Structures are given as structure tokens and as C-alpha cells.
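The sequence and structure are shown first, and the description follows.

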Amino acid sequence: MKVVLTYGTFDLFHYGHIELLRRAKTYGGRLVVGLSTDKFNEVKGKRCVFSFDKRKELLSSIRYVDEIFEEYSWEQKISDVKRYKADFFVMGNDWGGKFDFLKPYCEVIYLPRTDEISTTLIKTLLSS
Ligand code: C2G
């Protein structure tokens, strides 16, 4: 069974996230998601509305997702690919090229983003 690996914050979960997870799952039978911890989101400069536990609870209700683990640093991906024996690493193309260092370990795929929706847009609409 092919294993697919992806990462994200998945705050204010929306169908752009679902579309990414749905398409990622088409590459293999098992989709494993590295969910950014609250601490790592600070490193990423992202202020989250929902805590890691809430974001994990929501993500684990998505049928495409088979396993969730903590993403706590930029440096953990190579060991994650090895640990989960990932065949594919899939991210939205806003990350295009950024994770090519994983190419020796698995196939790296950047999928088109779902542009009409974003967490930033939702936050803007909520604050207006
Ligand atoms: N995404 C998308 N379309 C959107 C919004 C997000 O395809 N409208 C994709 C992103 O490209 C990413 C995934 O959904 O692949 C999760 O998005 P975020 O939660 O914003 O994740 P991000 O903050 O980009 O964190 O180490 C990688 C990072 O953890 C990625």
C-alpha cells in the first residue's frame, strides 16, 4: 500500500484543505499528516485561532486522513519520510520547490492550491 505524507496547520479548516487532502489521498492507500504544533506555528509566524488539539480533532474526522503526527520543526521531514516509509510527499504549490530536498527519498508532488479560499480570507471576512 502506497503511503502519502503531507503537512500543514489546517486552522479554520476549509474546502481548500479538503481538496488538498482528497487529491493527496489519490496517490496512495494511506495518508499521513504532520500537523503543526502551536509552538511550531509560532516559528512559522502563523497565529492560529484553534489549538493543536482542536485542529487535530477536526482533521481526524476527515475520511481521507489515516494518521496524524506532530510537526514541530522544519528539520523533521527526512526522518518522517523514512519513519512512515512514504512513497509520496504532497503539498500545495505555494510551497513549489521548497521541499525538493526530499526527492532522493520519495516522489515530491506540488498540487495547485484552491485559490478562492484561504484561512487569511476567512479571518479577514470574520474581522470585517
Ligand atoms: N492549501 C490549498 N489551498 C488553499 C489553502 C491551503 O491547497 N486554499 C494547501 C496548502 O498548500 C498546504 C495545505 O493545504 O499544502 C495546508 O495548508 P496550511 O494549513 O496553510 O499549511 P501551511 O501553513 O502551508 O503549512 O511544513 C509545511 C507546513 O506545515 C505547511
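By class, the shell around the ligand is made up of 8 nonpolar, 8 polar and 6 charged residues. The model is a predicted one.

**The shell around the ligand**

The ligand has 22 residues around it, and those that come nearest are Lys 46, Glu 71, Asp 94, Thr 114 and Ile 117.

| Residue | Atom of the residue | Distance to a ligand oxygen atom |
|---|---|---|
| Thr 9 | backbone N or O | 3.0 Å |
| Ser 36 | side-chain N or O | 3.4 Å |
| Lys 44 | polar side-chain atom | 3.0 Å |

On its own, the ligand has 620 Å² of accessible area, and the protein covers 96% of this. Two or more residues of the shell come from each of the elements β1 (3-8), α1 (15-25) and β4 (88-92). Among the elements, α1 gives the most to the shell, with 3 residues.

**The largest pocket**

Where does the ligand sit? The ligand is found in the largest pocket, and the space in this pocket amounts to about 640 Å³. Its lining consists of 33 residues, and His 17, Lys 46, Asp 94, Trp 95 and Arg 113 lie nearest the centre of the pocket.

Which elements supply at least two residues each to the lining of the largest pocket? They are β1, α1, β4 and α5 (119-127). The largest share of the lining is that of α1, with 4 residues. By class, the lining comprises 11 nonpolar, 12 polar and 10 charged residues.

Taken together, α1 gives the most residues to the shell around the ligand and also the largest share of the lining of the largest pocket.

Notes: Residues are numbered from 1 along each chain as its sequence is written. This is a predicted model: local features need pLDDT of at least 70, side-chain atom pairs count only at pLDDT 80 or more; totals for chains, interfaces and linings use all residues. Side-chain values use heavy atoms; hydrogens and water are left out. A residue is near a molecule or strand if one of its heavy atoms lies within 4 Å of it. A polar contact is a pair of N or O atoms within 3.5 Å; within protein, one must be able to donate a hydrogen and the other to accept it, and residues adjacent in sequence count only if both atoms are side-chain atoms. Accessible areas come from the Shrake-Rupley method with a 1.4 Å probe; for residues, only the protein chains shown count as cover. On a 1 Å grid over the protein atoms alone, a cavity is a set of points where a 1.4 Å probe fits but cannot get out, and a pocket is an open set with protein on both sides within 12 Å along at least five of seven lines; lining residues have an atom within 4 Å of a point. A molecule sits in a cavity or pocket if more than half of its atoms lie within 2 Å of its grid points. Ala, Val, Leu, Ile, Met, Phe, Trp, Tyr, Cys and Pro count as nonpolar, Asp, Glu, Lys and Arg as charged, and the others, Gly among them, as polar. Grid points are joined across faces, edges and corners, and a volume is the space filled by probe spheres set on the points.
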